[in-house]
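The following note sets out, point by point, how two chains are arranged and joined. Please read it with the structure in view.

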Amino acid sequence: MKTLLIGEYREGKFLDSTYELFGFAAQLGAETSLFLVGSESTLPAGGAIYLADAASCGEYNPDLHKLLILDAVQRENPDYVVFLHSSYGWDLAPRVAAALKLAQVSEVIGVQDGVFEVGCCNGKMRRSVKPAGPKAVLTIQAGAFQGVQPTGALSVTKLSNDTASPMEFVGYEPAEAKGIDLARAEIIVSAGRGVGKKENVQIIAALAKALGGELGASRPVVDAEWVAHDHQVGTTGQTVAPKLYVACGISGAIQHLAGMKKSDFILAINKDKDAPIGEVADVLVVADLMQFVPALTAQLQK
Amino acid sequence: MKILVCIKQVPDLESRFKPDQAGVWFSDTDLAFRMNEYDEYAVEQAVRLKEQLGDAPELTVLSIGPDRVVEVIKKALAMGCDRAVHVQDPAAHLKDPWQIASIIAAYAKDQGFDLILTGMQSQDRGSAQVGVTVAEILGVPCATTLVGFSYDGGTVTAKRELEGGLKGVVKLKIPALVTCQLGLNTPRYPTLPNIMKAKKKEIAAVPVAELLKSEPLAITTSFHAPAKKGSGLVLEGDIADLVTRVIGILKEKTAVLR
């Protein structure tokens with residue numbers, strides 16, 4: 001079996017998340033070749049690579065990247081074209097799948113005998129998905145497969161294409177300056193949508209203070225402007241691994257779990273016993289936040 | 001200018017899900033349905049663009065599904081869409097993203113839409129494929145995961161959300177398609193007068209068979225709960241009792257609480 005892995009490169013750097021694609025291929029026992037729009041100066045140490053130059057092709061230029069991938073597909077004839085389920089992957093994979101008239105299976109977390117396990121219903125449930133034919137385009141969930149280094153001698157095949165893009169990439173806008181660095185915090189107490197309203201955030205903040213920790217937040221709470229963006233935990237916020245992480249009213253969307261599941265100890269408080277946060281929590285307290293959290297804070301302050 | 005916004009009706013994600021009889025999707029019984037959250041941002045952005053252009057654009061909302069999806073269509077009309085298309089399909093949940101995209105593209109093909117907006121994914125299926133695939137079938141440029149949108153003289157400036165707080169800014173000329181991320185704007189609540197006005201707006205019903213010409217490229221063979229990892233402790237009961245137990249556990253298992 002052959003896989004064409006679509007690596008990632010951003011702001012002049014090869015992204016290590018690419019190695020997760022090799023981890024997935026290793027689980028399949030498949031041969032690998034890597035496709036990358038990047039630079040010769042930052043490449044993995046080994047393996048077969050189809051390389052297009054980011055300086056001329058652009059880091060974000062999906063129509064052109066699609067054509068370059070189709071070129072690599074034609075040369076390699078892979079069974080699976082595999083992307084990360086990331087802002088790059090979910091943007092590009094459907095374009096490649098549509099061009100090849102192949103099934104795309106999104107956010108794969110497991111595979112057995114050509115049937116893919118994927119998350120659905122905000123991570124609460126699973127689906128088994130089978131492509132109609134033997135070939136498919138896949139995106140794999142961030143963190144679902146352990147990264148591994150490619151093996152074998154490095155061999156680079158250069159690809160190029162000068163088709164004009166219908167889009168103009170203007171540039172990157174950096175993340176907002178961080179007021180607090182959650183990555184250094186030993187204790188983080190995060191508020192999720194379950195807090196209900198902005199006024200209730202202070203109840204969570206009081207618990208953070210009583211524990212001597214920092215206040216974190218999940219995406220919906222930041223989008224609603226209940227808590228500032230520099231407190232956001234998750235793939236689009238900060239990735240954290242404190243000694244204690246307390247998730248208050250956070251259901252556990254995949255993007256949030258990816259940002260905190262490496263914490264040493266996870267305490268979750270949620271009224272929904274089936275919330276996916278339960279999958280990573282060491283302790284799940286099934287209770288009303290507004291009753292349990294103030295009671296816990298009061299006891300800690302004694 | 002003609003604008004199309006595509007929306008999906010999804011269950012409340014706080015619900016408890018049980019497999020349907022075929023075991024390939026959830027059973028509708030006891031579920032409350034609402035507009036897919038990502039699509040609310042798409043509707044809001046479309047309505048704002050219409051307002052920006054002095055009400056000139058004609059704004060069509062489209063949804064595929066059984067009769068109950070008319071509820072979310074009505075909400076979109078009350079938010080400010082002008083007219084609606086309900087693609088009637090009691091078996092929409094059995095279609096793969098390729099077929100859903102093909103249905104939308106078949107409808108949009110000859111309509112001359114200058115801009116199409118969709119959510120970046122649905123909350124229930126979460127494939128994040130349909131919007132981009134529609135753009136591919138129609139052959140129009142597409143930018144995904146928008147957290148910023150502006151429009152001026154035929155050009156959309158889109159701010160895409162990347163990882164770790166980084167954003168990427170791109171410009172694309174219409175006709176184009178964009179997919180909307182959470183936080184793009186603040187979706188409005190329909191007002192009572194607008195809800196009343198929406199009752200007079202046209203909802204055209206189109207049987208799915210008129211638009212669907214393609215076979216699925218993938219099938220769902222099973223819908224199920226995740227295998228329990230079983231490592232975590234689940235505590236329930238009296239609040240005071242829970243507090244005592246949790247403090248005991250934190251003292252024992254973490255180095256941070258003494």
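1. Chain B contains 6 helices and 13 strands; helices (H or I, at least four residues) and strands (E, at least two) are DSSP runs, numbered from the N terminus. Residues are numbered from 1 along each chain as its sequence is written, while chains are lettered from A and ligands numbered from 1 in the order in which they are written. This is a predicted model, in which local features need pLDDT of at least 70 and side-chain atom pairs count only at pLDDT 80 or more, whereas totals for chains, interfaces and linings use all residues.

2. The C-alpha atoms of chain B fill a box of roughly 65 × 40 × 40 Å along the principal axes. Of its 258 residues, 46% count as buried, that is, 20 or more other C-beta atoms, placed from the backbone, lie within 10 Å of the residue's own.

3. The two chains meet through 64 residues of chain B and 68 residues of chain A. Here, residues are in contact if their C-beta atoms, placed from the backbone, lie within 7 Å. Several elements of chain B each supply at least two residues to the side that touches chain A, among them helix H4 (130-138), strand E7 (142-152) and helix H6 (239-253). The most comes from H6(B), with 8 residues.

4. Within chain B, 71% of the contacts with a separation of 6 or more link residues 24 or more positions apart.

5. Strands from both chains also pair, which requires that DSSP finds at least two bridges between them. Strand E9 (residues 125-131) of chain A runs antiparallel to E12(B), with 6 bridges. In this region Pro131(A) stands opposite Ala218(B), a residue of E12(B).

6. A second pairing joins strand E17 (residues 283-286) of chain A to E13(B), in the parallel sense and over 3 bridges. Leu284(A) has Val234(B) as its bridge partner in E13(B).

7. Which strands make up the open sheet of 6 strands, and in what order? The order is E14(A)-E13(A)-E15(A)-E16(A)-E17(A)-E13(B), with parallel pairing. At the edges are strand E14 (214-217) of chain A and E13 of chain B, each pairing on one side only. Neighbouring strands are turned by 20 degrees against each other on average, direction ignored; axes are lines fitted to C-alpha atoms, for helices over the stretch in contact, and angles run from 0 to 180 degrees between N-to-C directions.

8. Helix H5 (residues 201-211) of chain A packs on this sheet, and its direction makes about 170 degrees with that of E13(A). Helix H8 (residues 289-301) of chain A packs on the sheet as well, at about 135 degrees to the direction of E16(A).

How values were computed:
A residue is buried if 20 or more other C-beta atoms lie within 10 Å of its own, exposed if 12 or fewer, and partly exposed in between; C-beta atoms are placed from the backbone.
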